[in-house]
Amino acid sequence: MSTTTAPARQFEAAPTGPSWVVKDVLVIVGRNLMKIRRSPQLMIFSIVQPVMFVLLFNYVFGGALQLPEGFQGDYINFLLPGVFAQTALFGSTQSGIALNEDMRAGIVDRFRSLPMARSAVLAGRTIADAFRSFLTVLLMIGVGYLLGFRFQAGFGAALGAIGLTVATAFAFSWISVNIGMRAPDAETAQVGGFIWVFPLVFASSAFVPTDFMPGWLQAFANNSPVTAVVNGVRSLVNGGPTAGDVWFGLAWVVGILAITVPLAIRGYRKAT
C-alpha cells in the first residue's frame, strides 16, 4: 500500500516595500499609544511638570526678569515658547527609557522574530512619544491662555510653532532611543537621558534672554539647538521677522535626525 505525504508547508516571504513599512510603523505606534492610555499616570505626570514650570516662572520670576530690548508683550508670551521646548526635550527622554524596558522584558526579541521592518520598532516608539508631546503642548496653550498668553501672528504661524515643537520632540526622541538602547537598565537610561537635557534647556533662551549671560555661556547658548528652536517658536508666536529663526531651528532638527536615525537603526540591528 502506497503512502502519501503531505506537501511541505510553504511560508511566504516577509512583505517588503514602503507601504508595508508604514503599516508596521502604524501598528507599533498604536501599541505604544495603547500603553499610554492604559497608564494614565504617565500622561498626568507629563502634564503636571510643564504646568508647574509655567506657573512658577510666570509668577515667581516674571516680574523680576528683564525682557530683551524690542520685545513686545508680557513675560508669558516670552516664557511659553521656552516651556514648549522644555516639554519637548523632557518628554523625549521617555523614549529611551521605554525602549530599554521593552528590550529587557524580551518584547523587542519577539518583534525581531516577526516579519516586520526593523525600523518600525524605533519609529513607532518616537512617533508615539511625539504625539504625546503634541497633546501636552495643546494643554500648555490652554494654560497659557488662562494666564494671558496669545498667538500674535495668526493661525498659520500658531500651527507652525506647534509643528516645530513636535518636530523637535521627535528629533530628540531619537537621541534618547540611542541612549536607551545602549544602557544596561532603565535606571541608567533615565539618568543618561536627563544629564544632557538640563544644561541644554537652562543654558538657552528658553526662560531668560541670553544677553544677560556671561560671555562664554552666551556663546554656547546662542548656538545651541534649544535656543534655535525656542527663537523660532517665539518668532512664530509673537510675529516679526521669522524666517531666519525658523530655518535655523529646522536645520538643527534635520541635522539631529540625519545623525541619530541611522545610528539608532544600526544599534538596533546589533543589539542583543
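These legends describe close-up views of a predicted model.

**Figure 1. Overall make-up of the protein chain, which holds 11 helices and zero strands.** Read from the N terminus, the elements run α-α-α-α-α-α-α-α-α-α-α. The C-alpha atoms fill a box of roughly 100 × 35 × 35 Å along the principal axes. Of the 272 residues, 47% count as buried. Among contacts between residues at least 6 apart in sequence, 79% join residues at least 24 apart.

**Figure 2. Packing of helix α3 (residues 75-104) against helix α5 (residues 118-146).** The two helices pack at an angle of about 150 degrees, and their axes are 9 Å apart. Because angles over 145 degrees count as roughly antiparallel, α3 is roughly antiparallel to α5. The crossing of α3 past α5 is right-handed. On the α3 side, the contact is made by Ile76, Leu80, Val83, Phe84, Thr87, Gly91, Gln94, Ser95, Ala98, Leu99 and Asp102. On the α5 side, the residues in contact include Val121, Leu122, Arg125, Asp129, Arg132 and Thr136. Val137, Met140, Ile141 and Gly144 of α5 also take part.

**Figure 3. Packing of helix α6 (residues 155-182) against helix α11 (residues 243-270).** Here the angle is about 30 degrees, with the axes 9 Å apart. Angles under 35 degrees count as roughly parallel, and α6 and α11 are therefore roughly parallel to each other. Their crossing is left-handed. Residues of α6 in the contact include Leu164, Ala167, Phe170, Phe172, Trp174 and Asn178. From α11, the contributors include Gly249, Leu250, Val253, Ile256, Thr260, Leu263 and Tyr268.

Figure 4. Asn178 has a relative accessibility of 10%. The cut-off for buried is under 20%, so Asn178 counts as buried. Leaving aside residues up to four places away in sequence, Asn178 touches Thr260, Leu263 and Ala264. Thr260, Leu263 and Ala264 are among the α11 residues that make the contact with α6.

**Figure 5. Aromatic pair of Phe90 and Phe198.** The model has 17 aromatic pairs. In one of them, the rings of Phe90 and Phe198 are tilted, at 5.2 Å centre to centre and with 45 degrees between the planes. Phe90 lies in helix α3 and Phe198 in helix α8 (residues 197-202), so the pair ties together parts that are 108 residues apart in sequence. Phe90 counts as buried at 5% relative accessibility, whereas Phe198 counts as partly exposed at 39%.

**Figure 6. Aromatic pair of Phe149 and Phe151.** The centres of these rings lie 5.0 Å apart, and their planes make an angle of 75 degrees. Planes over 60 degrees apart count as edge-to-face, so the pair is edge-to-face. Both residues are buried: Phe149 has a relative accessible area of 0%, and Phe151 has one of 18%.

**Figure 7. Cluster of phenylalanine rings that includes Phe90 and Phe198.** Ring pairs link Phe53, Phe57, Phe90, Phe194, Phe198, Phe202 and Phe207.

**Figure 8. Arg234 over the ring of Phe78.** Arg234 lies over the face of the Phe78 ring, at 3.7 Å from the ring centre.

Note on methods. Residues numbered from 1 in each chain as written. Predicted model: local features only at pLDDT ≥ 70, side-chain atom pairs only at ≥ 80, totals over all residues. Heavy atoms only, no water. Phe/Tyr/Trp six-rings, centres within 6.5 Å; stacked < 30°, edge-to-face > 60°. Helix = DSSP H or I, 4+ residues; strand = E, 2+ residues; numbered from the N terminus. Buried < 20%, exposed > 50% of the residue type's maximum accessible area, 1.4 Å probe, protein only. Lys NZ or Arg CZ within 6 Å of the ring centre and 35° of its normal. Axes fitted to C-alpha atoms, helices over the stretch in contact; angles between N-to-C directions. Parallel < 35°, antiparallel > 145°, perpendicular 65-115°, else oblique. Left-handed = near helix turned anticlockwise from the far one by under 90°. Contact = heavy atoms within 4.5 Å.
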